[in-house]
Amino acid sequence: VTLHVERTVLDRGRRVRRAQLHAVDLAGSERLENTGAAEVRQRESKEINKSLSALSLMISKLAAREQAHRVASTSPGVHIPYRSSRLTHLLSEALMGNCRTVLLACVAPVVSKLTMTE
């Protein structure tokens, strides 16, 4: 689910401010071994894990590009894989350019589930 908000601010000229809120549910794969899920559920879990891996790679490359930019004061030619999955393509605007991004993770506070959060 994506919520788009747009506001025009009249402050020494006309500025348009835009905001987006993305709500993405990536839960499910952690329960796979406990539920004995069907083949459809297993495929869904694999797709979720692929998307999470692609998101992790994209964030790592963005961080590396930002660090290289601070050191060299130039824009390095690092390819950011925005289209490597549906998730990264959906979140690409929220992760690039002039934006502020917050990622929230809901994790179970149970010691037996600790390995899933690492």
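**Briefing: core, surface and salt bridges**

Thr-88 lies in helix α3, residues 86–95. Helices (H or I, at least four residues) and strands (E, at least two) are DSSP runs, numbered from the N terminus. This is a predicted model: local features need pLDDT of at least 70, side-chain atom pairs count only at pLDDT 80 or more, and totals for chains, interfaces and linings use all residues. Residues are numbered from 1 along each chain as its sequence is written, and side-chain values use heavy atoms, with hydrogens and water left out.

- Thr-88 counts as buried, at 0% relative accessibility. Buried means under 20% relative accessible area, exposed over 50%, and partly exposed in between (1.4 Å probe, protein chains only).
- Beyond its neighbours within four places in sequence, Thr-88 is in contact (heavy atoms within 4.5 Å) with Ala-54, Leu-55, Met-58, Pro-81, Tyr-82 and Arg-83.
- The largest nonpolar core has eight residues: Leu-55, Met-58, Leu-62, Ile-80, Tyr-82, Leu-87, Leu-91 and Leu-95. Helices α2 (39–72) and α3 each supply at least two residues of this core.
- A nonpolar core is a set of buried Ala, Val, Leu, Ile, Met, Phe, Trp, Tyr and Cys residues joined through side-chain atoms within 4.5 Å.
- Not counting residues up to four places away in sequence, Met-58 touches Ile-80, Pro-81, Tyr-82, Thr-88 and Leu-95.

**Strand β2: His-22 and Leu-21**

- Leu-21 is in strand β2, residues 14–22. His-22 is found in strand β2 too.
- Leu-21 is exposed, with a relative accessible area of 53%. His-22 counts as buried at 19% relative accessibility.
- Leaving aside neighbours within four places in sequence, His-22 is in contact with Val-1, Thr-2, Leu-90, Leu-91 and Ala-94.

**Salt bridges**

- The structure holds two salt bridges. Each is a side-chain nitrogen of Lys or Arg within 4 Å of a carboxyl oxygen of Asp or Glu.
- Glu-6 pairs with Arg-18, the closest N and O atoms being 3.1 Å apart. This pair links distant parts of the chain, with Glu-6 in strand β1 (residues 2–10) and Arg-18 in strand β2, 12 residues apart.
- Both Glu-6 and Arg-18 are exposed.
- Lys-50 forms a salt bridge with Glu-47, and their closest N and O atoms are 3.5 Å apart. Lys-50 and Glu-47 are separated by about one helical turn, because they are three residues apart in helix α2.
- Lys-50 is exposed at 52% relative accessible area, whereas Glu-47 is partly exposed at 46%.
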